[in-house]
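Dear colleague,

I am handing over the structure below, and my notes on what was found in it follow directly after. Please read them with the coordinates open beside you.

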Amino acid sequence: MFALIFSDRPRCRLVLGLSLLLGLVALVFLTNRLTASEAAADADAIGSGTLMLSGKGVATAVPAVRLGTDMDVTVSGQIARVRVTQAFRNTSDQWMEATYLYPLPEEGAVDSLKMVVGQRVIVGRIKRRAEARAIYEKARAEGKKAGLVESERPNMFRNSVANVGPGETVLIAIEYQAPVRQVSGEFSLRLPLVVGPRYVPPHTLETEKDVEDADAVTAPMVHPVLGTREKINPVSITVHLAPGFQPANIISPYHGVAVEEADAQTRTIRLTDGEVPADRDFELRWRSASADPTLGLFRQQFDGDSYIMASITPPVEDRKRPFPPREMVFVIDNSGSMGGTSMESAKNSLLYALGTLRPEDSFNIIRFDDTLTRLFEDSVPATPEQIALARRFTEGLEATGGTEMLPALKSALIDTHPSDTRTVRQVIFLTDGDISNEKEMTAEINANAGRSRIFMVGIGSAPNQFLMRRMAEAGRGTFTNVGTGNDVAARMTALLDRLTSPAVRDLKVAVAGGTLDLTPRQLPDLYAGEPLVLLGKGGSASGTLTVSGMIGDKAWSQSVDLSQAQDSPAVAKLWANRRIAEIEAARFASEMESGAADDAIAQLGLAYSIVTRQTSLVAVDETPSRPEGATLTREDLPLLLPAGWDFDTLFGTQRAHAGGAMTGGAVSPATRSEAMDLPETATGYLGLLGRGLVLLVIGAGGLWLQRRNARKDARA
């Protein structure tokens with residue numbers, strides 16, 4: 001081939017020139033691509049500590065559509081019914097469409113949507129997700145007001161409202177129900193008010209669908225320069241508390257509240273400040289003024305079936321009984337999202353836990369951001385010297401980098417003594433859990449947990465409760481939240497007490513005199529003071545339900561008469577919501593094909609009229625309101641950064657990048673092209689490099705042959 005080419009010297013020079021030119025062009029192009037990639041990577045690479053896709057950005061001006069939220073909560077027994085009314089007020093002279101990412105309790109079942117326009121109330125209908133989205137977009141295009149509620153995660157929803165006229169206000173009211181949590185005789189209701197920015201691991205962005213999913217769980221954040229946190233999405237909360245007994249010790253650890261006594265067993269709780277910024281979860285705790293209740297039993301007749309919710313608490317264990325040696329693996333998140341008070345809370349929690357180790361225990365510490373460190377290669381005995389080393393290591397941690405949690409989990413599950421039945425292996429995860437790849441975490445636990453038990457400690461003002469619960473359930477452990485510095489000792493003491501107490505294991509459930517389709521089907525271990533909450537569906541709510549298991553080497557059982565259950569209108573939907581969570585867990589564990597899981601979830605969503613990943617609520621005002629020809633502007637409403645987070649640590653180098661994109665103070669909506677930048681900058685450069693090098697080699701080879709031929713000609 002070369003002989004043919006170089007037999008003609010002018011053509012030879014032309015080909016050589018073109019080859020060199022193409023090689024140089026390829027290298028220049030490659031250099032530009034790599035430079036651009038590095039620039040983009042500054043914003044999005046795992047080493048930079050950024051959390052969001054490019055394009056969501058930071059809001060540096062108050063949005064045109066103002067949002068106000070009111071929450072009205074009724075607690076009946078151990079079930080909460082919550083009505084969230086959001087007022088979308090358009091302060092601009094444009095027709096607006098607004099979308100807003102909104103958090104809900106991880107076990108909340110959304111079943112109602114109402115849109116209020118002037119004097120008209122439009123009731124939403126449950127539809128398959130794609131159909132609901134199509135109805136909404138058609139109404140939007142026709143100038144009709146429309147509202148849409150979609151689930152992005154079990155604890156994260158997106159509300160959209162279209163065609164809000166200049167100066168107009170549209171109310172969107174959604175309702176949901178959720179179970180009240182009970183631990184060691186204390187009841188608690190947690191209302192998430194803000195979605196923490198999610199870290200999206202680059203390896204999860206392999207397809208367009210992955211990018212769309214990541215885009216759906218992120219929102220623009222309010223820049224601190226606005227200095228008007230209280231003016232963006234203020235929230236008011238009223239709780240009507242009727243627990244079925246005389247409540248006592250009512251506290252709200254993160255918000256000031258006023259408690260009003262309605263009667264002996266009913267209280268009304270309001271925020272003392274009237275309204276608060278939506279930047280931290282609201283939590284309300286209470287106890288019984290008399291003995292701690294050990295049984296909660298509720299029933300509902302729905303569509304010809306009976307539903308039961310039973311909460312059964314095992315007896316207090318014998319603390320004198322010796323607890324076996326433990327191998328405790330502490331995993332601490334020191335990524336950028338932990339910057340601020342969260343890092344201090346996490347370090348103090350770990351330091352507290354180190355102080356509870358016994359000489360017969362062994363331990364290790366794994367810290368992670370987008371890098372990972374194992375303090376010891378393998379777990380070491382809990383000697384004073386090793387604990388002192390661990391304390392120094394912990395005290396030196398600083399928040400930085402991305403939240404690559406999966407490698408840390410894999411490292412924690414490495415068990416070098418899997419057949420050791422004498423030692424209890426416990427993994428304690430301290431993190432805010434603000435990541436987008438929750439399913440990878442639970443899948444890893446399902447596949448490789450072995451004998452390890454996973455205990456989650458949610459750090460900060462707005463941890464990802466969905467992840468906390470799913471990882472704890474998959475790992476047969478439990479979870480707790482540490483919200484502020486004042487919480488550390490009390491919450492960690494309670495958790496560590498549960499860890500050192502014998503669990504009720506080998507649980508079994510039997511129903512005599514009836515049949516119930518119970519959830520959860522895979523029963524967990526039970527820890528001291530934490531009840532087993534069963535939800536069942538059957539032909540009749542009668543018979544006897546018996547829970548039995550082993551505490552140490554002693555058998556334990558408790559029976560309840562189902563006919564004694566109290567009526568509740570929420571049990572059927574809570575059963576359906578729990579069943580959906582089980583289907584998702586089966587999908588994550590590859591026990592169920594994805595298409596079959598989607599179909600099953602859609603059927604449950606339609607049958608029980610609840611919002612799921614496959615069903616949405618949509619409401620349309622049939623009267624067109626936007627004048628023909630008037631344009632519609634879309635605005636993705638920004639979220640406040642959770643209280644205690646450090647903006648500079650979180651966004652790092654991305655801030656300068658995002659700030660340039662936000663010139664003029666506009667809120668930048670997410671766009672597909674921007675979102676797709678991430679995988680594009682990370683792929684294809686090796687091919688370009690190869691093609692450039694091949695062309696250079698061709699050019700260089702041609703030059704060498706040309707010179708050799710020239711020398712031959714000269715010698716001839």
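How many of the eight residues of helix 7 (residues 405–412) are buried? Six of the eight are, so helix 7 is largely enclosed by the rest of the structure, where buried means under 20% relative accessible area, exposed means over 50% and partly exposed lies in between (1.4 Å probe, protein chains only). The buried residues of helix 7 are Met405, Leu406, Ala408, Leu409, Ser411 and Ala412, and what covers them includes strand 22 (326–333), strand 23 (362–368), strand 24 (372–374), strand 26 (424–431), helix 8 and helix 9.

Before going further, please note that this is a predicted model, in which local features need pLDDT of at least 70 and side-chain atom pairs count only at pLDDT 80 or more, while totals for chains, interfaces and linings use all residues. Residues are numbered from 1 along each chain as its sequence is written, and side-chain values use heavy atoms, with hydrogens and water left out.

As for the protein overall, its secondary structure comes to 16 helices and 36 strands, these being DSSP runs numbered from the N terminus (H or I, at least four residues, for helices; E, at least two, for strands). Of its 716 residues, 55% count as buried. Among the contacts with a separation of 6 or more, 77% are accounted for by residues 24 or more positions apart, a contact being heavy atoms within 4.5 Å. The protein exposes about 29,500 Å², of which carbon and sulfur atoms supply 54%, the areas coming from the Shrake-Rupley method with a 1.4 Å probe.

Helix 5 (residues 341–354) takes part in two of the helix pairs described here. Its axis and that of helix 10 (residues 487–499) come within 10 Å and cross at roughly 45°, where axes are lines fitted to C-alpha atoms, for helices over the stretch in contact, and angles run from 0 to 180 degrees between N-to-C directions. The two are therefore oblique to each other, given that angles under 35 degrees count as roughly parallel, over 145 as roughly antiparallel, 65 to 115 as roughly perpendicular and the rest as oblique. Ser345, Asn348, Ser349, Tyr352 and Ala353 of helix 5 meet Val488, Ala489, Met492, Thr493 and Leu496 of helix 10.

With helix 6 (residues 384–395), the axis of helix 5 again comes within 10 Å, but the crossing is at roughly 175°, and these two helices are therefore roughly antiparallel. Here Lys347, Leu350, Leu351 and Leu354 of helix 5 make the contact with Ile387, Ala390, Arg391, Thr394 and Glu395 of helix 6. Ser342, also found in helix 5, counts as buried at 1% relative accessibility, and, leaving aside neighbours within four places in sequence, Ser342 is in contact with Ile459, Gly460, Gly644 and Trp645.

The axes of helix 8 (residues 438–448) and helix 9 (residues 465–474) come within 9 Å and cross at roughly 10°, so that helix 8 and helix 9 are roughly parallel to each other.

Finally, Pro166 is found in the loop between strand 9 (156–164) and strand 10 (169–179) and is partly exposed, with a relative accessible area of 40%. Its C-alpha atom is separated by 5.7 Å from that of Asn90, 76 residues apart along the chain. Not counting residues up to four places away in sequence, Pro166 touches Asn90, Ser92, Asp93, Gln94 and Trp95.

With best regards
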